[in-house]
Amino acid sequence: MSNSDYVLAIEDLTVSFDGFKAIDTLNLYVDKGELRVIIGPNGAGKTTLLDLICGKTRASAGSIKFKNAEMTKLAEHEIVRSGIGRKFQTPSIYENLTVFKNLEVSFPRGRGVFGALKFRCTDDVKERIAEVAGEIGLEEQLSMEAGLLSHGQKQWLEIGMLLMQDPELLMLDEPIAGMSVRERELTAELLDRICRNRSMIVIEHDMDFVKKIAHKVTVMHQGKILAEGPMERVQSDPKVIDVYLGH
Amino acid sequence: MSSQDDRDDLQSTSRRNFSKGLATLPLIGMPGLSLAAKYPTAKVNTTKLAVTDTEVTVGQLHSATGTMAISETGSIQAERLAIEQINAAGGVLGRQIKIIQEDGASDWPTFAEKSKKLLVNDRVAAVFGCWTSASRKAVLPIFEKENGMLYYPTFYEGLEQSKNVIYTGQEATQQILWGLDWVMKEKGAKSFFLIGSDYIWPRTSNKIARKHIENFRHLKVVGEEYYPLGHTNFNSLINKIKIVKPDCIYAIVVGGSNVAFYKQMKAAGVTSKKQLLLTISVTEDELLGIGGENCDGFYACMKYFQSLDNSNNHKFVEAFKAKYGPKAVIGDVTQAAYLGPWLWKFAVEKAGSFDIDKIAKASPGIEFKGAPEGYVKIHPNHHLWSKARIGEIQSDGQFKVVAESPELIEPNPFPKGYQ
Amino acid sequence: MDKFRRWIASSDMASIVVLAIVVFAVLPATTDIFRLNLIGKYLTYAFVAVGLVMLWGYGGILSLGQGVFFGLGGYCMAMFLKLEASDPVSTKIQSTPGIPDFMDWNQLTALPFWWEPFRHLPVALIGMLVVPMVLAAVIGFAMFKRRVGGVYFAIITQAVAMIITVLIIGQQGYTGGVNGITDLKTMLGWDIRTDSAKYILYFANAILLFVAIFACRAVQRTKLGTLLLAMRDKEDRVRFSGYDVANFKVFVFCLAATLCGVGGAMFTLQVGFMSPSFVGIVPSIEMVIFAAVGGRMSLVGAVYGTLLVNFGKTYFSESFPEMWLFLMAALFIGVVMAFPNGLAGLWESYVKPWLLRERQAVPVPAPEKTPAVAEDPSEAEAASTRPVARSPEHAPASKNRSDGVDPAVA
Amino acid sequence: MGLSASDLWNIVVMQGFAGLSLFSVLLLMGLGLAIIFGQMGVINMAHGEFMTVGAYTIFMLSSLTETYAPSLMPYYFLVAIAVAFVLAFAAGWLAEWALIRHLYRRPLDTLLATWGLSLGMQQIFRSTFGAKEVSPTLPEWLLGSWSPTEGLDIPINGMFVMGLTLLVTGGVFLMLYRSRWGLRVRATVSNRGMANAIGINTRNTDRMTFAIGCGIAGVAGAAFTTIGSTGPTSGSLYIVDAFLVVTFGGAASLLGTVASAFGIAQTQSITEFFLTGSMAKVLTLLAIITILMIRPQGLFALKMRR
């Protein structure tokens with residue numbers, strides 16, 4: 001079977017830390033335009049999976065193919081440049097730069113040393129920044145130091161920084177942690193909007209939120225996939241209930 | 001060392017003792033003022049040096065801090081003692097000597113900076129200072145350019161001669177050749193293992209030693225090893241020595257390494273009972289740190305030892321201890337540093353002027369009969385004629401003088417056949 | 001007058017102008033040539049300090065081996081000057097005339113081949129820039145590609161400094177050993193030891209220093225400068241924004257090294273010799289201290305810091321020879337404890353508010369905002385784990401604020 | 001060269017011992033730093049000076065004993081080592097209180113501050129004991145060598161240092177992994193906030209840890225009087241080596257420090273045997289740098305799930 005239909009095809013992926021298998025012969029396929037949510041109890045290996053895809057952790061075995069290109073041997077920045085964006089669990093933004101600068105730095109031009117020296121903030125860059133800022137609802141805060149944003153705004157800013165690069169696969173690790181109810185709603189809408197022309201993988205614990213956004217849900221447990229499918233089916237899967245309720 | 005307190009009683013004892021030794025000198029006891037009047041400042045100082053009717057300023061430039069302070073402290077003390085004694089005896093041309101002390105801080109660029117300050121800013125009439133070759137090399141161009149006069153106390157590698165420096169220590173051949181001949185003749189040494197800290201003085205000295213051993217005496221050098229300055233572990237080296245079993249170890253290890261070397265030699269069973277060792281880098285000062293018990297029975301070749309038995313030296317040791325305490329020790333360089341101010345004084349008086357050019361011209365031929373080492377004379381090449389002596393290390397940190405060259409040895413900083 | 005005061009307080013250009021007045025007018029006018037030459041020597045260290053602002057303040061990379069690059073630059077220049085000083089006539093007493101004296105003492109009978117190119121001034125000039133840069137690139141690629149950072153990098157640079165020192169001292173036939181390369185006299189026939197030469201060299205050095213400051217300032221203002229700050233605080237985020245972080249670190253390391261090389265070469269010219277005592281660990285740490293005293297985020301501060309520490313060293317050691325080490329120790333400890341942002345921090349938090357004190361009375365649309373960042377405890381904590389405090393009194397932070405505003409908001 | 005087989009054997013044994021003895025020297029000087037730098041993250045550039053405190057303690061007590069109770073000379077050394085620990089401990093306590101505790105959040109700043117501290121301490125030594133080196137009189141039994149057979153000399157001071165290293169290392173291991181203090185230290189290291197929250201007095205723990213590290217440095221300095229020099233700047237001879245040992249081992253791992261001391265000592269003593277001293281030093285350092293490049297976190301880095 002050809003995997004070329006999938007944006008992301010993970011096969012037999014394994015990683016072990018001193019013998020402990022955090023990810024164990026895992027297979028996962030993500031479609032174009034799909035918003036996949038990964039859930040699972042703590043220590044299931046969700047974040048490790050994202051780390052593996054974006055190259056932060058190196059696989060012990062298996063393959064990760066993005067648009068049919070092998071990712072496991074690439075350096076992190078090469079993975080990013082091929083179109084994968086990743087948001088970290090705790091908002092990872094440059095706190096002492098302005099929101100504007102945060103976005104500008106993320107613009108995918110002048111990524112080499114000399115490119116960065118030559119880079120000028122031309123009109124198309126400004127336009128793009130304004131566009132993204134509108135998308136994440138931070139137009140008013142562009143000149144504010146990013147450290148002064150609220151926790152939710154910081155999460156949005158990080159998503160905005162990823163959007164600047166217009167990735168084909170966007171991976172978000174707990175994007176609504178620490179958000180108010182109102183902010184969660186806005187985030188759900190935001191994710192819905194930005195999902196239109198790209199694939200996404202989201203890790204989330206909040207089941208209501210998952211229900212709202214997920215096209216398909218993958219449940220992980222002890223480094224393996226326990227169940228996969230639409231939310232309703234997964235929710236009623238006895239194995240899943242077992243794991244979540246615990247013994 | 002400006003902390004030295006002017007204890008009048010001590011000073012007067014030293015003065016009394018010393019004046020006896022200097023009875024031959026014509027200036028002792030003459031009232032200063034009349035002498036100064038005889039030599040008006042305008043006449044004796046035509047180059048705007050820091051000389052007034054009553055005072056002449058000299059500089060002292062050693063490391064009071066940093067790693068070299070260990071070695072240079074003795075020189076600072078000896079020069080101060082000499083200057084104090086000269087002042088007590090009426091000064092130079094009726095002028096009291098005033099000292100400006102600068103700290104070279106064991107850092108060659110600092111030496112250069114401070115020497116410039118002394119010569120350009122303070123216009124000192126002479127500088128007593130430097131210890132390592134590196135510091136001398138750093139200041140030498142400045143002394144030549146600004147036309148200053150440096151009295152340099154350390155035994156050194158030679159290969160240098162300057163109008164602006166008087167070398168009161170031995171150049172390499174004076175210290176090396178006679179000593180090597182002595183171990184060959186008296187101890188029957190036929191094979192040598194040369195050891196040094198890795199810098200210019202040990203390397204040049206060992207080069208001269210090797211040439212002497214191989215080309216002139218036709219004996220064998222069985223090993224030559226250098227270790228970085230500050231190296232503290234010599235066990236591997238000691239094992240290498242044990243393999244080749246040289247008749248004589250010729251050691252030029254310096255600084256903190258010195259202590260580690262001898263302590264580890266002793267611990268490895270390489271003691272004077274089994275092994276002959278000759279060094280040119282251990283004086284009484286170094287023995288303070290090494291501990292005599294760790295290297296007793298080994299030999300050092302110097303021109304001066306504290307235990308030297310002559311009346312000049314007895315007075316000198318007495319005065320030194322009176323000033324710096326009964327536990328103070330005097331090494332070869334300390335004595336050489338003590339010569340500096342005296343040789344300068346004699347040169348000024350011979351020239352009748354403080355001008356550097358006149359002093360430089362007057363210096364050759366100057367004798368110091370009151371020198372603790374016995375007698376020295378300045379050679380036209382600005383080094384000193386002096387004797388070489390072999391001392392055997394005693395466990396109390398002193399040397400027993402076991403041999404002495406019969407004649408003064410001529411300084412030869414550019415020895416033919418040794419380069 | 002008010003306008004002027006506000007300009008002084010708010011523009012980083014103003015601080016450069018003030019420094020220029022100090023360096024080009026005040027110091028030469030008030031000191032004799034001996035002291036001026038000393039200041040010239042200090043200003044050569046300022047190159048290293050300026051480089052450290054970029055490397056450490058901006059890049060967050062602490063190198064304890066900057067002396068290596070200073071030394072290499074200095075040696076390149078010293079080799080050229082030494083060859084010029086070693087013409088066959090003035091070295092005729094040697095057994096091999098025409099080679100440097102220390103080679104002759106070490107039985108070398110011919111000039112080593114790698115000395116040969118240094119007969120030409122252009123080679124020496126290029127060498128003083130390229131040799132430190134290449135070594136920095138080699139170390140940088142080896143370390144940063146492997147993600148060696150922080151304290152590990154600092155300690156490895158110490159080991160490098162140690163290696164280079166041992167090599168230079170051990171290979172004395174080729175390098176002059178512990179004595180270094182001394183007795184340098186002329187450059188292309190021009191006597192560098194005269195007073196007039198010292199004046200000229202002082203100003204040449206000062207001009208080069210300002211070129212360096214402007215170059216660094218220009219780099220700070222590019223995206224690369226922003227990226228350095230970004231990397232320092234959130235390296236992973238930069239990496240996962242598609243940047244090869246190591247390359248940027250190598251660049252800034254090379255930049256700092258090159259500046260060191262220029263400083264070293266100017267040192268050789270002004271002081272007249274070069275020795276391995278600069279290459280070691282002690283001077284390298286001292287140079288870090290210059291930058292720390294000046295304020296590690298401020299280019300201009302670094303120059304003041306260098307001047308202050310060295311004035312202190314010279315003054316204390318001349319006036320209190322017994323005490324001076326205590327005073328220096330107190331200075332270092334005091335700066336680190338009380339003024340972690342150095343002189344620049346003092347300026348930003350005391351002088352500047354004072355200069356701007358009437359702002360409330362006469363409201364003017366200053367390009368600045370004054371967010372109260374430092375009050376937020378969680379952030380203060382996050383920030384303080386980094387070598388650089390990022391409180392609002394920071395020059396670059398405020399620069400970024402004013403920069404960031406213009407396009408989008410206006 | 002006229003070497004018999006037994007001569008050769010003796011050299012091999014002695015060379016092996018030389019390596020072990022350097023190992024124990026490196027380990028002993030690294031241990032205190034492994035606690036201060038490895039566990040607390042404080043870059044203590046004054047570590048060498050705390051060693052010098054220990055060395056001068058030996059000197060003072062040897063002088064006192066020699067003057068007032070010469071009959072006790074054979075025994076004073078052991079007591080003096082304990083006193084060296086106490087004095088260096090006290091000095092460390094003081095330094096922590098006055099200086100270090102303000103800087104925990106700025107590790108690189110500790111480097112600068114402790115550099116200043118080391119300058120100050122050197123000057124204190126110089127003012128108190130004079131600029132020249134001193135030589136404490138060591139008890140007879142510590143001097144010389146033990147020769148079980150002809151031509152084989154095992155340094156007694158080397159064996160003593162080795163024994164002491166073993167003792168101190170064992171002690172540190174026990175303290176760190178078996179005692180309440182060790183638990184508190186490790187808890188504080190891995191999560192300061194949490195440690196505070198569960199009622200650990202992190203401030204006291206820090207001070208105690210720093211002081212113990214300094215105390216061990218004092219013991220090392222005391223032991224090194226048997227093999228090295230005692231002077232105001234003696235400590236500076238050891239500082240870079242000590243940092244390399246700890247870094248090379250992987251800062252947070254005590255076992256790493258042991259392994260790295262062993263590796264560095266063997267490399268150095270073997271290369272020294274076959275090459276010149278200077279080249280041996282260069283090669284050893286290059287090897288360390290290369291391995292650190294391959295394993296950026298040191299030999300025994302904690303592999304953590306990120």
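Let's start with a helix: in chain B, α7 (residues 172-187) lies across β8 (248-252), β9 (276-279), β10, β14 and β15, running at about 165° to β9(B). This is a predicted model, where local features need pLDDT of at least 70, side-chain atom pairs count only at pLDDT 80 or more, and totals for chains, interfaces and linings use all residues. Residues are numbered from 1 along each chain as its sequence is written, while chains are lettered from A and ligands numbered from 1 in the order in which they are written.

- Helices (H or I, at least four residues) and strands (E, at least two) are DSSP runs, numbered from the N terminus.
- Angles run from 0 to 180 degrees between N-to-C directions, with axes being lines fitted to C-alpha atoms, for helices over the stretch in contact.
- Being "in contact" is for two residues whose C-beta atoms, placed from the backbone, lie within 7 Å.

**The sheet under that helix (chain B)**

- Seven strands make up an open sheet with mixed pairing, in the order β7-β6-β8-β9-β10-β14-β15; two strands pair if DSSP finds at least two bridges between them.
- At the edges sit β7 (220-227) and β15 (399-404) of chain B, each pairing on one side only.
- On average, neighbouring strands of this sheet are turned by 25° against each other, direction ignored.

**A closer look at β14 of chain B**

- Strand β14 (residues 389-393) of chain B runs antiparallel to strand β10 (residues 299-302) of chain B, and four bridges join them.
- Along that pairing, E392(B) in β14(B) has Y299(B) opposite, and I390(B) in β14(B) faces C301(B).
- On to β15(B): five bridges pair β14(B) with β15(B), again in the antiparallel sense.
- Here I390(B) stands opposite A403(B) in β15(B).
- β14(B) and β15(B) form a hairpin with five residues between them, and G397(B) in the turn has a positive phi of about 90°.
- How many of the five residues of β14(B) are buried? Four are, so to speak, tucked in: β14(B) is mostly covered. A residue is buried if 20 or more other C-beta atoms lie within 10 Å of its own, exposed if 12 or fewer, and partly exposed in between, with C-beta atoms placed from the backbone.

**Two domains in chain B**

- Chain B splits into domain 1 (8-170 + 308-385) and domain 2 (172-302 + 389-404), with bounds that come from an automatic or database domain assignment.
- The contact between them takes 17 residues from domain 1 of chain B and 16 residues from domain 2 of chain B.
- On the domain 1 side, the elements giving two or more residues are α4 (69-88) and α13 (332-351) of chain B, and α13(B) has the largest share, with three residues.
- Taken over C-alpha atoms, the centres of the two domains of chain B are 30 Å apart.

**Chain A on its own**

- Chain A has 10 helices and 10 strands, and buried residues make up 48% of its 247 residues.
- Its radius of gyration is 18 Å, which agrees with the value near 18 Å for a compact globule of 247 residues; this is taken over C-alpha atoms, and the globule rule is 2.2 Å times the number of residues to the power 0.38.
- Along the principal axes, the C-alpha atoms of chain A fill a box of roughly 55 × 40 × 35 Å.
- Four strands of chain A form an open, antiparallel sheet in the order β2-β1-β4-β5, with β2 (20-31) and β5 (69-70) at the edges.
- Five bridges pair strand β1 (residues 6-17) of chain A with strand β4 (residues 61-66) of chain A, and A9(A) has K65(A) in β4(A) as its bridge partner.
- Helix α1 (residues 46-54) of chain A lies across β1, β2 and β4 of chain A, at about 70° to β2(A).

**How the chains meet**

- Five pairs of chains are in contact, and chains B and D share the most contacts.
- Chain A and chain B have no contact, and their closest C-alpha atoms lie 38 Å apart.
- Chain C does touch chain A, with 32 residues of chain C in contact with 37 residues of chain A.
- On the chain C side, α18(C) gives the largest share, eight residues.
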